[in-house]
Amino acid sequence: MNRFITFVAAAVTILGFTRVAWADGLSTQDYIDIEQLYATYNHAIDSGDGEAWAATFTPDGTFNKFTGHDQLVGFIQQWKEKMNGGNRRHWNTNLRILPSKDGASASVFLMLVDVSTKSIVATGMYNDTLVKTANGWRFKTRATKMDAALPAPAAAAPKQ
């Protein structure tokens, strides 16, 4: 009998959380799928796979100033060849997903790490517009806002 009560309590809890997610326009599965989209994006860019990375966007999707499949794939070539992309890893945290009339909006913090030196190269934030397509959730727009570097500390005046 105790197992049955535990099962019923767990089912009610799970259904209650799922119902809350549906109430705001996104299901629990939508949240999971969006989180997987972010992971797929990071794995694709960090491995230099331009096709897989571009596939995380809608066909007319925009990343900063790059729009559409060909420009997105071209960005990854530049990333690898001119921006040391092969030695960089994207670390995202504090993903915030909000339902919108067209799908969802989201923001996530970014830390870019150079794996050869084990140093942080940059930090910032992504601001995203997401849409659910026949192929799952995709980025419609993705804009980065990088944190400004702190000014170097002023040299101490010599003591007299």
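## Helices and strands

Helices (H or I, at least four residues) and strands (E, at least two) are DSSP runs, numbered from the N terminus. Counted that way, the protein has four helices and six strands. Following the sequence, their order is α-α-α-β-β-α-β-β-β-β.

A word on what you are looking at: this is a predicted model, where local features need pLDDT of at least 70 and side-chain atom pairs count only at pLDDT 80 or more, while totals for chains, interfaces and linings use all residues. Residues are numbered from 1 along each chain as its sequence is written, and side-chain values use heavy atoms, with hydrogens and water left out.

## The protein as a whole

Of the 160 residues in the protein, 33% are buried (under 20% relative accessible area; exposed is over 50% and partly exposed in between, with a 1.4 Å probe and protein chains only). The accessible surface, from the Shrake-Rupley method with a 1.4 Å probe, comes to about 10,400 Å², and carbon and sulfur atoms hold 60% of that surface.

Contact means heavy atoms within 4.5 Å. Take the contacts between residues at least 6 apart in sequence: 42% of them join residues at least 24 apart.

Is Arg142 buried or exposed? This residue belongs to strand E6, and it counts as buried because its relative accessibility is 1%. The side chains of Arg142 and Asp128 are joined by a polar contact of 2.7 Å (a pair of N or O atoms within 3.5 Å; within protein, one must be able to donate a hydrogen and the other to accept it, and residues adjacent in sequence count only if both atoms are side-chain atoms). Beyond its neighbours within four places in sequence, Arg142 also has contacts that include Tyr38, Phe63, Val108 and Tyr126.

Now look at Gly25, in the loop between helix H1 (2-23) and H2. Gly25 has 56% relative accessibility, so it counts as exposed. From C-alpha to C-alpha, Gly25 and Ser100 are 7.9 Å apart in space, although 75 residues separate them in sequence.

## The largest pocket

The largest pocket is lined by 14 residues, and Phe63, Trp79, His90, Leu112 and Thr144 lie nearest its centre. Two or more lining residues come from each of helix H2 (28-47), helix H4 (69-82), strand E4 (103-114), strand E5 (119-133) and strand E6 (136-146).

Definitions and conventions
On a 1 Å grid over the protein atoms alone, a cavity is a set of points where a 1.4 Å probe fits but cannot get out, and a pocket is an open set with protein on both sides within 12 Å along at least five of seven lines; lining residues have an atom within 4 Å of a point.
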